[in-house]
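Visitor: Before we go through the labels one by one, please show me what they are attached to.

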Amino acid sequence: MVAFGKKLRQSQIQEWQGYYINYKLMKKKVKRYTQQIQVGTQDRHNVLKDFSRLLDSQIEKIVLFLLEQQGLLASRLSNLGEQYDVLIQHPDEAKVTELQEAYRAVGRDLLRLLFFVEMNAIGLRKILKKFDKRFGYKFADYYVKTRANHPYSQLQQVFKHVGIGAVVGAISRNLADLQDLQDNHGSYVSIYDQPAYSHPDPVVHSIRAAVERLSNSTSFLHFLGTHAFTMQDELPTPSEEQDDDQRYHFMSLLLNLANTFLYMVNTYIIVPTADNYSLTLGAAATVCGVVIGSMAVAQVFSSVYFSAWSNRSYMKPLVFSSIVLLVGNTLYALAYDLDSIAVLLIGRLFCGLGSARAVNRRYISDCVPLKLRMQASAGFVSASALGMAVGPALACLFQTDFKIYKFTFNQETLPGWIMALAWLVYLLWLSISFREPPDRTKESVVPQESTSGQFVNVSVDNGFTQPLLINSETKQEDEDEDGDGDEDCDDAEEDSDKIQKPVNSIVSAYRLLTPSVKVQLLIYFMLKYAMEILLAESSVITGYYFIWSTSSVAIFLACLGLTVLPVNIIVGSYISNIFEERQVLLASEIMVCIGIVLSFHILIPYTVPQYVGSALITFVSAEVLEGVNLSLLSRVMSSRLSRGTYNGGLLSTEAGTLARVIADGTITLSGYLGESKLLNTTLVPALFICISSIVATCFTYNSLY
């Protein structure tokens with residue numbers, strides 16, 4: 001493969017060579033800093049200060065040249081505008097054609113400038129990544145946030161490119177107007193009045209594609225500056241973007257989100273009635289922990305085979321999931337008439353075996369175009385949150401008792417029957433409307449660095465475009481004459497993650513986890529454990545202390561679920577813009593700990609305000625913590641875990657599922673001590689795990705920052 005340093009030198013526009021980011025110099029600086037710190041001649045503070053100064057200087061050089069070139073383009077456009085005004089008064093078809101070609105020439109020069117900005121943005125991204133990798137800092141996060149949010153930020157010019165947008169608009173409008181002058185003999189229809197009415201000039205099309213790629217290239221900086229919740233390690237090439245567009249199908253995405261929603265409803269719809277169902281079948285009320293947790297037990301295994309299956313297909317796993325869930329819910333409902341706790345548990349195990357959440361996540365990451373992926377991810381979160389609220393809410397509506405033939409329909413069995421019917425309808429809808437995405441072409445060449453520059457168009461003749469960069473399939477020279485072959489090897493080594501095969505076992509995946517990733521997974525385990533303890537034992541606790549009815553428990557759980565979306569909106573829109581993510585992370589952990597402590601029943605009588613208040617603190621804090629934790633986890637996870645069966649999403653899912661299994665098992669085991677001791681007994685391990693995660697967080701982030 002061609003390392004970025006060599007690719008940058010090969011693709012530089014010769015007359016602009018002195019204005020590109022000096023990637024080679026900065027790599028050497030990073031290497032020198034490493035050696036100096038190892039021998040003790042430099043400290044961290046001086047290294048950060050010196051490297052920040054170097055980056056500021058490089059960005060200033062790029063931005064000032066960018067502004068100069070924008071001025072030249074603006075001057076040319078101004079002159080062409082004067083010619084256009086004269087042409088309007090005295091139309092001449094030959095001069096119209098000549099003026100169109102002049103505007104296209106400006107467009108081609110703009111393409112060169114767009115490519116210049118993109119290559120520099122990628123160089124900046126890579127050098128920040130290299131610095132963090134060598135020193136274990138989160139310097140990129142610090143640098144971009146401090147520069148991007150400053151009122152005199154030069155970095156804003158790199159990823160806002162407002163001036164470039166104005167030039168694009170001038171070229172697009174004037175080319176459209178000139179074409180309109182030719183076609184309609186002077187009748188004027190503005191592209192601003194009717195955006196859909198525009199002439200697709202090849203140059204304009206190429207410029208728009210280049211601007212979109214530039215936006216993707218600089219989105220890394222924009223996301224860091226606004227504390228976005230996810231960041232792709234690599235950017236898609238134009239061919240990959242086109243492939244994503246071909247694989248995207250709105251109805252299939254909607255079906256994928258519907259599967260997410262229904263599964264969450266299926267998970268929580270039985271929580272308010274699980275204890276009564278257990279008593280009806282002759283078991284203790286605390287066996288509800290096993291009933292609820294058996295679904296999570298099966299999900300530990302189903303996540304793996306669904307993740308592997310999604311490498312080959314999306315529709316088949318979803319069909320299988322629907323069938324298994326249909327069977328599982330039917331068995332859950334029939335357990336009442338069969339008077340069998342075993343059938344009840346088998347039904348819930350089947351429901352867990354139908355968990356296709358790994359497929360749901362994978363479909364969004366693989367089949368939704370980058371420009372829609374954030375909205376699709378938000379839809380996934382919203383569907384999950386809505387399902388969490390709707391499940392218990394439905395349970396409070398099933399206050400009835402009747403029979404049809406030998407089948408009983410009451411508050412215990414109706415959740416099973418209703419969900420079985422829902423999955424049957426979903427299965428029919430899936431069979432009719434889902435479209436299997438086309439298989440990705442198996443690449444026979446090594447994946448290239450997705451700079452997007454290799455596809456930037458600079459000449460347009462009769463609709464055909466020519467690539468600006470030399471195709472990166474050309475053979476790499478053994479070494480450059482300037483002797484920096486070792487430096488390019490560093491680049492190749494840095495990018496080696498993305499050309500290696502995905503890990504093929506859970507053990508291999510675990511070996512790739514750094515201490516910070518392990519801490520993030522511990523936090524995820526803790527918050528899922530605390531939430532499961534709160535939700536799964538709610539019917540037993542409220543029944544014992546407050547004598548709540550099933551409807552009251554269902555309304556309480558539904559209200560908790562409804563807090564998810566508002567809380568995430570507040571955190572995403574306000575809190576994350578004021579505080580750093582690691583600060584929000586630690587504060588959320590402390591709040592979860594406070595919520596757990598307030599939940600204990602010690603000496604004084606246990607009251608509804610104490611229980612509801614502590615539950616709200618615990619649940620809301622855990623929700624905040626989950627969003628921030630997954631955001632940080634996506635940044636520190638190895639790129640080798642981004643694809644394949646044993647990916648980062650699977651690891652986090654397994655951590656959360658194991659937490660739920662252990663929490664539900666804790667509830668059942670604690671039940672043998674009696675319902676009076678259930679609350680405190682289950683909270684003790686939750687408090688211990690929470691304190692451990694806080695200590696681990698403080699230790700890990702103090703060592704990194």
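Guide: Two strands count as paired if DSSP finds at least two bridges between them. Keep in mind that this is a predicted model.

Visitor: What makes β1 and β2 a pair?

Guide: Strand β1 (residues 401–404) and strand β2 (residues 407–410) share four bridges. The cut-off is at least two bridges, so the two strands qualify as paired. Their sense is antiparallel, and one of the bridges joins Asp 401 to Asn 410 in β2. The two strands form a hairpin with two residues between them.

Visitor: Which residue in the turn has a positive phi?

Guide: Tyr 405, with a phi of about 55°. Most residues other than glycine have a negative phi.

Visitor: Where else is phi positive in a residue other than glycine?

Guide: Ile 547 is one of these, with phi near 55°, and its place is the loop between α22 (538–545) and α23 (550–562). Leu 603 is another, with phi near 65°, in the loop between α25 (581–599) and α26 (608–636).

Visitor: Why is Ile 547 called exposed?

Guide: Exposed means over 50% relative accessible area. Ile 547 has 72%, so the label applies. Leu 603 has 86% and is therefore exposed as well.

Visitor: Why is Thr 657 called buried?

Guide: The limit for buried is under 20%. The relative accessible area of Thr 657 is 2%, so Thr 657 is buried. This residue lies in helix α27 (residues 648–671). Leaving aside neighbours within four places in sequence, Thr 657 is in contact with Ala 296, Gln 299 and Val 300.

Visitor: What makes the approach of the Thr 657 side chain to Thr 653 close enough for a polar contact?

Guide: The side chain of Thr 657 reaches the backbone oxygen of Thr 653 at 2.7 Å. The distance limit is within 3.5 Å, so 2.7 Å meets it.

Visitor: How do you know that Ser 52 is buried?

Guide: Ser 52 has a relative accessibility of 7%, which is under 20%, so it counts as buried. Ser 52 is found in helix α3 (residues 44–89). Not counting residues up to four places away in sequence, Ser 52 touches Phe 139, Tyr 142, Tyr 143 and Arg 147.

Visitor: Which values describe how α12 and α14 cross?

Guide: The axes of helix α12 (residues 288–309) and helix α14 (residues 341–353) come within 6 Å and cross at roughly 35°. The crossing is right-handed. Residues of α12 in this contact include Val 290, Met 295 and Phe 306, and those of α14 include Leu 344, Arg 348 and Gly 352. By class, the contact has 12 nonpolar, four polar and one charged residues.

Visitor: How many helices and strands does the protein chain have?

Guide: There are 28 helices and four strands. Of the 705 residues in the protein chain, 52% are buried.

Notes:
Residues numbered from 1 in each chain as written. Predicted model: local features only at pLDDT ≥ 70, side-chain atom pairs only at ≥ 80, totals over all residues. Heavy atoms only, no water. Buried < 20%, exposed > 50% of the residue type's maximum accessible area, 1.4 Å probe, protein only. Polar contact = N/O pair within 3.5 Å; in protein donor to acceptor, adjacent residues only side chain to side chain. Contact = heavy atoms within 4.5 Å. Axes fitted to C-alpha atoms, helices over the stretch in contact; angles between N-to-C directions. Left-handed = near helix turned anticlockwise from the far one by under 90°. Nonpolar A, V, L, I, M, F, W, Y, C, P; charged D, E, K, R; others polar.
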